[in-house]
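Please look at the sequence and structure first.

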Amino acid sequence: MQTVDYFVIGAGIAGLSAAARLAQHGRVVVCEAEGSPGVHASGRSAAFAHFDMDAPLVRALTAASLPLLEEPGARRHPALFIALEGQESDLDRVEAGYREWQPDVRRLSSDEARSLVPVLRDGENGIIGALLDEAGRKLDAHALLEGHRHALLAAGSEIATQSPVTSLRHEAAHWIVDTPGNSYSAKVVVNAAGAWADEIARLAGVALLGLIPLRRTVITFDVPDGMDVSAWPFTKTVGPGFYIEPEGRGRLLACPMDEHPSDPCDAQPEEEDIALAAWRVEQATTLAIPRLASKWAGLRTFTPERLPVCGFDPQAPGFFWLAGQGGFGLQTSPAMALAAEALATGAKWPEELQAVGVTPDQLSPSRFA
Ligand SMILES: Cc1cc2nc3c(=O)[nH]c(=O)nc-3n(C[C@H](O)[C@H](O)[C@H](O)COP(=O)(O)OP(=O)(O)OC[C@H]3O[C@@H](n4cnc5c(N)ncnc54)[C@H](O)[C@@H]3O)c2cc1C
């Protein structure tokens, strides 16, 4: 039996970013079911940071996070939000949410938008206007995970891969956690198991939050020879539709922004969602997608109110929730890790979060009790 200060379940971006901070306060073990970090949602995301998020709390967490997302984990890249026919009010909504944190955002005419992404159609099914954020961030999930892994190891803590947690019980003010090869004792267990976070609560006999994993599909495809898309902005419709973003010079990533409820699992793309992704891009652009370079799916896991949760369970001493990061878990990870550090160690609430008006109550699991 190993005794540790903080036992973190899940080596996705949530678990690793929090663990790297907690390792400054005590000995941490991060336990991951898979053979390496980031196999599930964190390694399957589109990895872009922007403010087109409906919830003010998520925008505030993003604002606190952007200054902490630096090279090599993040680099500046513009984001373009396009309105298709009928999406005028969506464009106003996105702009209003944006202006609070990014006042330099600019309205563009459809011609100006087409000068940035020349394949966008006008006329029927075409764009009617756009919003440009020149200060978006392209994220590198692998670099972010690696940075946290190095910080964790440098602080003398460790990651156990291929170590699924199989049981948890609370005895004498400690959690006893079993994996196939080892048992651990810790005063604090951090549940950062992504789509499986409610499964972990079930194992621990803790009330579930009602987390909802939603499958989302991504395709990549090559653009015609000679076309260089590397400087194109991340381009997203303001209402239902799709987003595309460059993957190097001659390849685009596309997503139809689908959401299908799923059990926690190794999500796989469904044929109809792959077809939908290609169709939506072909409808709104002059691109044809005769074949795919790759395709995948991942689970974006939401709380019932689609806001993240970070804090001790009100009924289960030492059981700490860090879950429900939905479609914004990479771009909010620095702020969420700061929150987790403060709440799990009892340290002062971070100035970075105070500055954007985020309070512990807004993240507390007590709101589901
Ligand atoms: C298609 C797609 C596009 C996205 N685009 C963006 C984007 O552009 N920007 C953005 O910010 N976010 C985006 N996201 C969301 C982001 O990826 C997630 O919010 C984030 O990765 C969640 O991180 P996590 O650590 O909570 O979950 P995960 O990365 O899923 O990590 C949870 C880990 O827990 C482990 N685990 C589960 N059960 C156990 C157990 N019993 N024992 C041990 N380990 C266990 C799992 O193996 C897994 O590795 C996207 C997601 C998807 C799917």
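The sections below treat the basis of the model, the chain and the ligand site.

## Basis

The model is predicted: local features need pLDDT of at least 70 and side-chain atom pairs pLDDT 80 or more, while totals for chains, interfaces and linings use all residues. Residues are numbered from 1 along each chain as its sequence is written, and side-chain values use heavy atoms, without hydrogens and water.

## Chain

The protein chain has ten helices and 20 strands (DSSP runs, H or I of at least four residues and E of at least two, numbered from the N terminus). Its C-alpha atoms fill a box of roughly 70 × 40 × 35 Å along the principal axes. Of its 369 residues, 57% are buried, meaning under 20% relative accessible area with a 1.4 Å probe and protein chains only.

## Ligand site

The shell around the ligand has 38 residues, of which Glu32, Ser42, Val165, Gly326 and Gln331 come nearest; a residue is near if one of its heavy atoms lies within 4 Å. β18 (294–302) is among the elements that supply at least two shell residues each, and β18 gives the most, with three. Because domain 1 (2–42 + 141–208 + 305–368) and domain 2 (78–135 + 212–302) both contribute to the shell, the ligand lies between them; the bounds come from an automatic or database domain assignment.

Polar contacts are pairs of N or O atoms within 3.5 Å. A backbone N or O atom of phenylalanine 48 lies 3.0 Å from a ligand oxygen atom, and a polar backbone atom of valine 165 is 2.9 Å from a ligand nitrogen atom. The protein covers 95% of the 1,000 Å² of accessible area that the ligand has on its own (Shrake-Rupley method, 1.4 Å probe).

How values were computed: A polar contact is a pair of N or O atoms within 3.5 Å; within protein, one must be able to donate a hydrogen and the other to accept it, and residues adjacent in sequence count only if both atoms are side-chain atoms. Buried means under 20% relative accessible area, exposed over 50%, partly exposed in between (1.4 Å probe, protein chains only).
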